[in-house]
Structures are given as C-alpha cells and as structure tokens.
Amino acid sequence: MAMLECKHLTKNYGAVCAVSGLDLSLEAGQIVGLLGPNGSGKTTLIKIAAGLLRPSDGSLFIDGKQPGRETRSIVSYLPDRDFLPAYMNVEQLLGFYEDFFADFNRDKADDMLQDLNLSYDMKLKKMSKGTKEKIQLILTMSRRAKVYLLDEPIAGVDPAARDYILKTIITNYDPKAMVLISTHLIADVEPVLDDIVFIEQGQVIMHDAADTMRESEGRSIDKLFREVFKC
C-alpha cells in the first residue's frame, strides 16, 4: 500500500485551480523531492496531506486513510513559515510538543538541540532565522511519524544551516517512514533525495527514482529542473 496516494486530486481557490486532477503514489522508506516553480501547487498539495485543506474533488490518502484526526497522529508537518509562538523559550517549546503530540520523543529532541549550544531559557523571538528554522525542524523530526511533510525547510538560511538541516532530516527519520520535501534549492537537497516529483500547474509532469531520472536524462536533477521549467 502507498504511504501517500492521490487520485484525481483537485483543489480550487475560487476560479483559480491550484491542483488539477493530480494522480500520485509514494511509497514508504524514501525521501521524496516535490519540485516545481512558484504557483505549481506544491504547498497546496502538502496542506491537503496535512489535513489543513480539503480537496475540491478527487481524494488523497495517507497510509490508506483520508486526512483527518487519524492521520494527524502519523503525519509531522513543517510549514513554509514561522509557526511557533515567538514568546516561548526552548524549554516551553519542548513541553508544548510533549503535551500536544503523543509520539514526541523528548530525548531525541534534546540530543539534537545539544548540537546548537542553546540555552533552554532562550526565547524564539531572540533567535536568528537560521536557528529558528533548526528548532522548528528538530521539533518536527522528533516525532515518531510515518509521514514527514517539509515545506521549504532550507529556504532563506545560510549554506551551513542548510547542511545542518539536511543532516538532521536524513539521520532522524524512521527508515520505514516517508519524507516529502518541497524546495526550490534543488542542488542543495538533491544528494538526499531518493524519489523525484516534478509538478507544474497542479499536475505531475515527471515522477521517477532520482538515480533513474539522472541516468535516463543524462544530467543532474538540478540541471533537468532548470531545463524543464526554464522561462
């Protein structure tokens, strides 16, 4: 059974169609790159999978279930913007996740946070953008989820922070789980991707294993992306 499956998935915002009859099947045990230009439907697809939006038509299944109360317990979602209360310090954020998510692994989060050398009294609003991104990712990846939905996890941070974030992703997810990463920074994330989905105007235009795509197209995913989506 697919870990994430879309069948003729459609989402309209009034007269604007963000996702259009999309069909997609993604298996567990892999890191998947969801790649496409701005406005291609990436964030909308992720929000539907996270249970934050309802389809206008068609369906999406997480581990065989439609997004809802059941799937929220197996999906860990990182949005593309700051989402944690800025007034909270690190200790309060850890307590917040412990209270809210039964599958939150506090020991795992503590181990990752030690790498940052942060005081647990430090408030989120006092942190740099890169540190905030790291904190948010650590909390997201410290859940024992079956599906991790990461929307632009390395956007707007320096290369060193990107390296840390990617290392955190690849070393802290269950091999039986699936990670779906949406990003524009293809060259940075390409080395960790097992599977590639190109999406444009709300439809999948290419989908294959990363190695197969590189071999068949004779170029890197980054170069292929630039060719497929060139202006």
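**Contacts, helices and a pocket**

Modeller: Apart from neighbours within four places in sequence, Glu133 is in contact (heavy atoms within 4.5 Å) with Pro153, Ala155, Val157 and Ile165. This is a predicted model, in which local features need pLDDT of at least 70 and side-chain atom pairs count only at pLDDT 80 or more, whereas totals for chains, interfaces and linings use all residues. Residues are numbered from 1 along each chain as its sequence is written, and side-chain values use heavy atoms, with hydrogens and water left out.

Biologist: Is Glu133 buried or exposed?

Modeller: Glu133 is buried, with a relative accessible area of 10%; buried means under 20%, exposed over 50% and partly exposed in between, with a 1.4 Å probe and protein chains only.

Biologist: Which helix is Glu133 in?

Modeller: Glu133 lies in helix H5.

Biologist: At what angle do H5 and H6 pack?

Modeller: Helix H5 (residues 129-141) and helix H6 (residues 159-171) pack at about 5 degrees, with axes 10 Å apart. H5 is therefore roughly parallel to H6, a term for angles under 35 degrees.

Biologist: Which residues of H5 and H6 meet?

Modeller: Glu133, Lys134, Leu137, Ile138 and Met141 in H5 meet Ala161, Tyr164, Ile165, Thr168 and Ile169 in H6. By class, the contact has seven nonpolar, one polar and two charged residues.

Biologist: Changing topic, which residues lie nearest the centre of the largest pocket?

Modeller: Arg72, Val75, Phe100, Phe101 and Arg143 do, among 21 lining residues. A pocket here is an open set of points on a 1 Å grid where a 1.4 Å probe fits, with protein on both sides within 12 Å along at least five of seven lines; lining residues have an atom within 4 Å of a point.

Note on methods. Axes fitted to C-alpha atoms, helices over the stretch in contact; angles between N-to-C directions. Helix = DSSP H or I, 4+ residues; strand = E, 2+ residues; numbered from the N terminus. Parallel < 35°, antiparallel > 145°, perpendicular 65-115°, else oblique. Nonpolar A, V, L, I, M, F, W, Y, C, P; charged D, E, K, R; others polar.
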